[in-house]
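Subject: Structure handover

Hello,

Here is the structure we spoke about. Please open it first, then read my notes below.

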Amino acid sequence: MSVETLNALPAPVPVGRAGVLRRLMRDKVAAVAAVALTLIALAAVFAPLIAPYDPYFTDLTKVMQPPGEQHWFGTDNTGRDILSRVIYGTRNTLMLGLVGVLIGGMLGGVLGILAAFYPRLDGWIMRLVDVMLAFPAILIGLAVAAIFGAGLTAVVIALVVATVPDVARVARGAAVGVMGQEFMEAGRAVGVSDSTLIWRYLTLNCISTIFVFLTLRFGQIILIGSALGFLGMGAQPPTAELGMMAAQGRDFLFMAPHIATIPSLAIFVIVLAANLLGDALRDVLDPRLQQ
Amino acid sequence: MIKAFVSAAFALALAGTASAQTLNMMKGIDAPHYDAQRTTWGPTSDIVNMFQDTLVALDWDGKTPIPYLAKSWTVSPDGKLYTFKLRDDVSFCSGKKFTAEDVAYTFKRLKSPEIKGPYAWRAGTIKDVRAADPYTVEYELSEPFSELLLLLTMFTNVILNKDNVEALGRDYGIKGADGTGPWCLDSWQPRTHITLKRHDAYKWGPSMYQNKGPVKFEKLVIKIVPEDSSRVAAMLGSQFDTTHQFPSQFIAQAKAAPTLTVQEAKPNFQLLYFGFKTTRPMVADKRVREAMSVAIDRAAIAKSILLGNADPAFTIVDPAALDHDPKTAGIVTQDAERAKRLLDEAGWKPGADGIREKDGVKLAPRVYYTANANSARVAEAIQGYLRKVGVDWKLQPWDSTIAPVKMAEQDYEIWSVTVPYLSAGDLMNIYFDSANIPTPNRMNWKDAETDQWLKQGRSALTPEERARYYAMVQQKVMREHLWMPVLNINMHTVSNKKLKNYRPHMIYQNTFYKGLDASF
């Protein structure tokens, strides 16, 4: 994104927290997505209180039971209660998405802002970002898992690597725009230190742009995390993780389709809700769309 | 118009004839090369058995060596000199006549340090292999090897064309390989397909087949289809004639399909086991190893996890295999309460979360295995059983490309492998001899008695003597619970019903073996 384009933008319209919430709730789709995500997050947080069974308890006399009274979502190929595993799996899947987005967002944001503030670093950082963009997240996940072994660490590394370059570019774009503002020049003129300029003036003015981008990115990150889980690179048994649960059910599609479809539906709902909410948040927070 | 119709009908008839002369096979994994002497790799072995032959073949019972390239043999009273009389009507695909020189060259190459043949031990401790005349081979050993004939049936002992190997050098098995088998290696596109063509001169099929040759198809095309469900769909859709790598969880669908036939290789020795690294503190105590072994319900795992496509294994050597010791039958039984008592006695007490602890360390051994469907599902089921007695298995699957390297390391407690074998000696000599530490003796089992008995079994002069020593080894390693035998995995062949007279063999997962009788 060029400096000229950003300079041509109108000044941001301040939006208070109450205003954001009020406008979000006015959008019915966004409201439904927000409620769904909140309920999912609550279920994930309070999983031990909500799950009807121990998600790790196997019973080979009750394998592949269809959804019924005793087990609402049925049982898997080792006789574990799928509802309980979906609840726990949601917790792990959301955690992966959050960690990936937060760490990746932080690293990407720092890189982007430093690139904008120090022109001599710009070329180096952006080439690094280009290199990172050249590797698909799935490939990185596979490579990390092949070297260090499959597990949540491999997935987190892949998700962070997948998040950093995009965030770095967005952050740099936003920061370049802010760098052109008069208050930055004024700050330099009166001898404000680099660290203060970077944090108080640059970062705080870019943070809403980065935040909006990360909310949009959250759904994609969950999808990549689930895909890695599906490929066996993520959580290992008995840990419940939605992608891995879907993969385990794949072998029994003819006999017990519920084992694969229920965790897949859970992924679908989470990603859809996250995307819808991200879209709505962008609409509310993006000054261009407010015009 | 009529002319066009006749032409089209003629073309269709031709196409029908061509496809009828091609057998289309499918498998899940390709091999890195097709030089049998340089590998232990199963995916090499099945193809090698199609285009190369051994001195002796293995009969359907899985125990009896029968004449093949060697039409007869004698053994000296001291068991050290085998004299093989070779067939004089055998030729390689290249047209070169097969002679005793090729046999002598083959075994010298197998034992040469450059080759580092991992299964060279299966040819015995060779002193010399020489051609007494063009059709007589003197195979001299430094010490007797009672299972030599049985193990000469294995793919690592196929006879090579000396000229062909020397001409191809390092590219042997990659750019080509000559053989005397019923099929000739025609082309290989790695990880895509292998094409073999009929060996027209072949007429020396072993007595186990009705058809002595040549085979009834012009071509054999083997496609590599790694994805399980793709292989299932392809067989259900009649795109292929046969596969010996059909996922076990879909066998019921194959049996129900009107176009398919499912056959099981019998007998079949293919053990899925979990081994304990005895030098790791967590599993150094044999009571801990026994506790894990008796805590699981093998029959339920076979029925529910492998959907009946496996049999529970309570002994490391299958009761039907050569030199199985019946006295090992009661050593492992299912008893979860005994498992708890053993763990208590060993000092592992249940912690707050139900997982046992000792000196502040949780009983949570790391378990390595190759990430294929059977091992993964069985490991998960065992993990469930063991949690109930307070053991928390930490599962660590590895991709098949990296698993052998990882399993050669020392920083884990337990691993799993599915191993095909022919006899007690075949299985135990490679896994329990201290000379094979750290791999394949991953237990790091160093025991003078075991080594001595294995050696005495190998060099026994009578079957009875051999069985006695191998029984002693079985007793020892089972009472030490070095392995946790779990399942004997069934070996299925799924074929289109139009394929007739195809009987699956059990040899080293090579159900097709020579495929001499198969026809449409």
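A residue counts as buried here if 20 or more other C-beta atoms lie within 10 Å of its own. By that rule, 44% of the 291 residues in chain A are buried. Note that this is a predicted model.

**Confidence in chain A**

The mean pLDDT of chain A is 87. A score of at least 70 is reached by 92% of its residues. Among the elements of chain A, helix α4 (residues 47-50) has the highest mean, 95. Helix α1 (residues 3-7) of chain A has the lowest, 40. Residues 1-15 of chain A have a pLDDT below 50. That stretch still makes 19 contacts in the model beyond near neighbours in sequence.

**Layout of chain A**

Chain A has 13 helices and zero strands. Its C-alpha atoms fill a box of roughly 75 × 45 × 30 Å along the principal axes. Take the contacts in chain A with a separation of 6 or more: 71% of them join residues 24 or more positions apart.

One helix pair in chain A is worth a look. The axes of α5(A) (82-117) and α8(A) (residues 152-179) come within 5 Å. They cross at roughly 35°. The crossing of α5(A) past α8(A) is right-handed. What kinds of residue make up the contact of α5(A) with α8(A)? There are 25 nonpolar, seven polar and three charged residues.

Next, a backbone point. A:M64 has a phi near 55°. That is a positive value, and A:M64 is not a glycine. The residue lies in the loop between α4 and α5 of chain A.

**Where chain A meets chain B**

On the chain A side, 16 residues are in contact with 22 residues of chain B. The chain A side of this contact divides into nine nonpolar residues, six polar and one charged.

**A helix pair in chain B**

Two packed helices are described by the angle between their axes and the distance between the axes. For α14(B) (residues 448-458) and α15(B) (residues 463-479), the axes come within 8 Å. The crossing angle is roughly 155°. Angles over 145 degrees count as roughly antiparallel, so α14(B) and α15(B) fall in that class. The crossing of α14(B) past α15(B) is left-handed.

Which residues meet across this pair? From α14(B) come B:E449, B:T450, B:W453, B:L454, B:Q456 and B:G457. From α15(B) come B:R466, B:Y469, B:Y470, B:M472, B:V473, B:K476 and B:V477. Sorted by kind, the contact has seven nonpolar, three polar and three charged residues.

**Backbone details in chain B**

Two cis peptide bonds to check:

- B:K266 to B:P267 is cis, with omega near -10°. B:P267 sits in the loop between β12 (260-264) and β13 (270-276) of chain B.
- B:I437 to B:P438 is cis, with omega about 10°. B:P438 is in the loop between α13 (424-432) and α14 of chain B.

There is also a positive phi in chain B. B:D359 has a phi of about 50° and is not a glycine. B:D359 is in the loop between β16 (356-358) and β17 (361-362) of chain B. Why does B:D359 count as exposed? The limit for exposed is 12 or fewer other C-beta atoms within 10 Å, and B:D359 has 7, so B:D359 is exposed.

**One loop residue in chain B**

B:Y412 lies in the loop between α12 (403-407) and β20 (414-420) of chain B. B:Y412 has 18 C-beta neighbours inside 10 Å, so B:Y412 counts as partly exposed. What does B:Y412 touch, leaving aside neighbours within four places in sequence? The contacts are B:K277, B:R366 and B:Y368. B:Y412 and B:Q396 are 16 residues apart in sequence. Their C-alpha atoms are 9.5 Å apart in space.

Best wishes

Technical notes. Residues numbered from 1 in each chain as written. Chains lettered and ligands numbered in written order. Predicted model: local features only at pLDDT ≥ 70, side-chain atom pairs only at ≥ 80, totals over all residues. pLDDT = per-residue confidence, 0-100. Helix = DSSP H or I, 4+ residues; strand = E, 2+ residues; numbered from the N terminus. Contact = placed C-beta atoms within 7 Å. Nonpolar A, V, L, I, M, F, W, Y, C, P; charged D, E, K, R; others polar. Axes fitted to C-alpha atoms, helices over the stretch in contact; angles between N-to-C directions. Parallel < 35°, antiparallel > 145°, perpendicular 65-115°, else oblique. Left-handed = near helix turned anticlockwise from the far one by under 90°.
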